[in-house]
Amino acid sequence: MRYEIDVNGQRHGVDAPADMPLLWVLRDLVGLTGTKYGCGVAACGACTVLLDGQAVRSCQFPMEQYAGQKVATVEGLSPDRTHPLQLAWIAEQVPQCGYCQSGMLMAAHALLREVPRPTDAQIDAAMTNLCRCGTLPRVRRAIRRAAGMAPA
């Protein structure tokens with residue numbers, strides 16, 4: 001079936017089965033590979049994107065559920081990688097292996113859109129993404145930095 005989707009402000013026409021997960025539409029049909037496949041059961045968050053501003057796990061979102069909604073991926077944060085979260089991620093040296101970071105960035109972006117100055121408890125509640133490298137303390141510092149709550 002033919003669908004029109006808005007990804008990072010650009011319209012894309014894709015031919016996809018109704019049950020094709022958003023993750024694979026983004027990676028295989030639109031060509032945006034920043035969103036990663038992790039667990040495939042929406043547990044790890046590596047595939048997190050924004051759907052109409054809300055963080056969702058794209059591996060479990062079939063095409064029929066998101067057609068017509070706006071999708072934002074890590075590629076859409078900033079064309080020159082100068083989004084405050086990207087700069088904070090670098091300043092706090094968050095990425096280790098880096099695999100989960102695109103999902104982390106999108107979850108953090110959704111949090112800051114909803115709560116511009118989050119508490120540590122709000123950060124911990126929002127950041128349910130898994131990171132085997134143990135970067136969660138750095139993620140918290142980076143979010144606080146991006147929110148203007150920590151030294152730049």
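Predicted model: local features only at pLDDT ≥ 70, side-chain atom pairs only at ≥ 80, totals over all residues.

Modeller: Let's start with a side chain: a polar atom of the Q86 side chain sits 3.5 Å from the backbone nitrogen of T82.

Biologist: Is Q86 buried or exposed?

Modeller: Q86 belongs to helix α3, which covers residues 84-91. Leaving out neighbours within four places in sequence, Q86 touches V74, L77, S78, R81 and L105. Its relative accessibility is 10%, and the cut-off for burial is under 20%, so Q86 counts as buried.

Biologist: Over to the strands. Which residue is the bridge partner of D6 in β5?

Modeller: β1 (residues 2-7) pairs with β2 (residues 10-15) in the antiparallel sense over 6 bridges, and there D6 stands opposite R11. β1 also pairs with β5 (residues 70-72), this time in the parallel sense over 2 bridges. In β5, the partner of D6 is K70.

Biologist: And which residue takes a positive phi in the hairpin of β1 and β2?

Modeller: That hairpin has 2 residues between its strands. The positive phi there is near 55°, and the residue is N8.

Biologist: Zooming out, what is the radius of gyration of the protein chain?

Modeller: The chain has 6 helices and 5 strands, running β-β-α-β-β-α-β-α-α-α-α from the N terminus. For 152 residues the globule rule gives 15 Å, and the chain comes close to that, so it is as compact as a globular protein of that length. The radius of gyration is 15 Å.

Biologist: What share of the residues counts as buried?

Modeller: The chain exposes about 7700 Å², with 51% of that from carbon and sulfur atoms. Of the 152 residues, the buried share is 45%.

Methods:
Residues numbered from 1 in each chain as written. Heavy atoms only, no water. Helix = DSSP H or I, 4+ residues; strand = E, 2+ residues; numbered from the N terminus. Buried < 20%, exposed > 50% of the residue type's maximum accessible area, 1.4 Å probe, protein only. Polar contact = N/O pair within 3.5 Å; in protein donor to acceptor, adjacent residues only side chain to side chain. Contact = heavy atoms within 4.5 Å. Pairing = 2+ DSSP bridges. Rg over C-alpha atoms; globule rule 2.2 N^0.38 Å. Areas by Shrake-Rupley, 256 points an atom, 1.4 Å probe, with all protein chains shown as cover.
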